[in-house]
Amino acid sequence: VERLKKEKIKFKTDLPPLGKAEKTDWNDILKIKKKEKKKMTEEQKEKRTWKNRQEYIKEQKAKGTWKNRQEYAKEQKENFMKEYEEGLKMINSPENFKKFLDVQNHINSFVTGEGKKRKYSTNNILSLLNQAEKRNMKIIGILTMRDWNELGRTVKKGEKAFQISCPIIEKKLDEKGEVVKNSQGKPVEVLKGFKKYNVFTLSQTTGKDLLYEVKEAKEIDYVNIYKSVKEIVKEKGIDIKFSENLNMVVGTPKGEVGITDGVFLPKNNLIMLQKGLTLPKAIKTLFHETVHALNHAENKCKFGDKLYIQQEVEAESVAYLLSKHYGIDSKEYSFNYIEGYLNDKENLVELKERLDNIIKISDNLKNKIDSTLEKIKIKEKNKNLLEDKIEKYQKEVKLAKKIKKVEEITMKMQ
């Protein structure tokens, strides 16, 4: 009865049994009624507005607008590449370049219900930046509808989704239809194509309050961040020192480069920082020089040449992202020195490679610092526990000595 109601088929409960069956066979009635419902008169066919798949395809082919699966996929790819290229062209000023980095920083502000962070390619970030700019929206966290639901939030009615392109990965099969495995015994994966996915940002959802982590200046553990970076560069044989007058150490005229806060000296395997810097500025400069030390040590470049600017773009961008990640004030970053580089059309192709590299270096260094920070915090916790135990033991010893003295005095008095 419920199934008949669901199919909106009129029926009576006092229908006679079908055939010789003692009870009414509702399954048979359902089949009969469905067939009757499907039958349409010519007049009804002329009046209807909907079309089945075959009729729709026939009509589209007659108009010359029909596309098969391959053609549709090609068109989707072209549209996405157009959005990506527009996003790349948007990064034509220091302000817009900063916007790209902010989107990269905010895009993973939330973890999914499974406790994972979604990773997005540079192409997708550029496409999202372009879509957000057209709609005058700010992106903070990008997740699918299902991910938001798992976090206790729902997408608002009428919200238009952002679109990203995701790869379709399948396991490679041999002629017999069996999975091909590599030398390590793992299945070989092949890229079959790309698929569009709908995603939404925080402002498009409602529900449970999700406060993404914003560290205040007083909460930032500058000392342990410094210790973490020092430990990371030490593994590569690089030391960190402070200098009174850095310009003299670098050996460049003051009028040529201005006052510098830090420098990496490849020949000496040394990062030099100016003495007297504020804690935020010292850490930001350390981030910048660490990128040079770990990624640009072997690349020879001259002050002001193309390679020099590329390396500065990477170092400053990664330092900006790391500062954002650890809650360090990043308002000072201007990126003015890369304006000429961004306006050069020939550099747009290279810029894509630089952006990929920026994200790769940033994620790698961020993970290393986070991991080292965790180890340092565990060491400090254990050290504090040990100190507490020692202090407690010393108090007990003192107390025992006092008790012993009292006992000795009592014995003498007796």
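Mentor: Angles under 35 degrees count as roughly parallel, over 145 as roughly antiparallel, 65 to 115 as roughly perpendicular and the rest as oblique. Axes are lines fitted to C-alpha atoms, for helices over the stretch in contact, and angles run from 0 to 180 degrees between N-to-C directions. Helices (H or I, at least four residues) and strands (E, at least two) are DSSP runs, numbered from the N terminus. This is a predicted model, where local features need pLDDT of at least 70, side-chain atom pairs count only at pLDDT 80 or more, and totals for chains, interfaces and linings use all residues. Residues are numbered from 1 along each chain as its sequence is written, and side-chain values use heavy atoms, without hydrogens and water.

Trainee: At what angle do the axes of α9 and α12 cross?

Mentor: At roughly 15°, with the axes of α9 (residues 222-234) and α12 (residues 279-295) coming within 11 Å. The two helices are therefore roughly parallel to each other.

Trainee: Which residues make the contact?

Mentor: Contact means heavy atoms within 4.5 Å. On α9 the residues include Tyr-222, Val-229 and Ile-232, and on α12 they include Ile-283, Phe-287 and Leu-294.

Trainee: Which residues have the most contacts inside the largest nonpolar core?

Mentor: A nonpolar core is a set of buried (under 20% relative accessible area, 1.4 Å probe, protein chains only; exposed is over 50%, partly exposed in between) Ala, Val, Leu, Ile, Met, Phe, Trp, Tyr and Cys residues joined through side-chain atoms within 4.5 Å. Here they are Phe-100, Ile-271, Phe-287, Leu-355 and Ile-369, in a core of 54 residues. Helix α15 (residues 347-413) gives the largest share, eight residues. Ile-369 is in contact with Val-229, Ile-232 and Phe-287, among others, leaving aside neighbours within four places in sequence.
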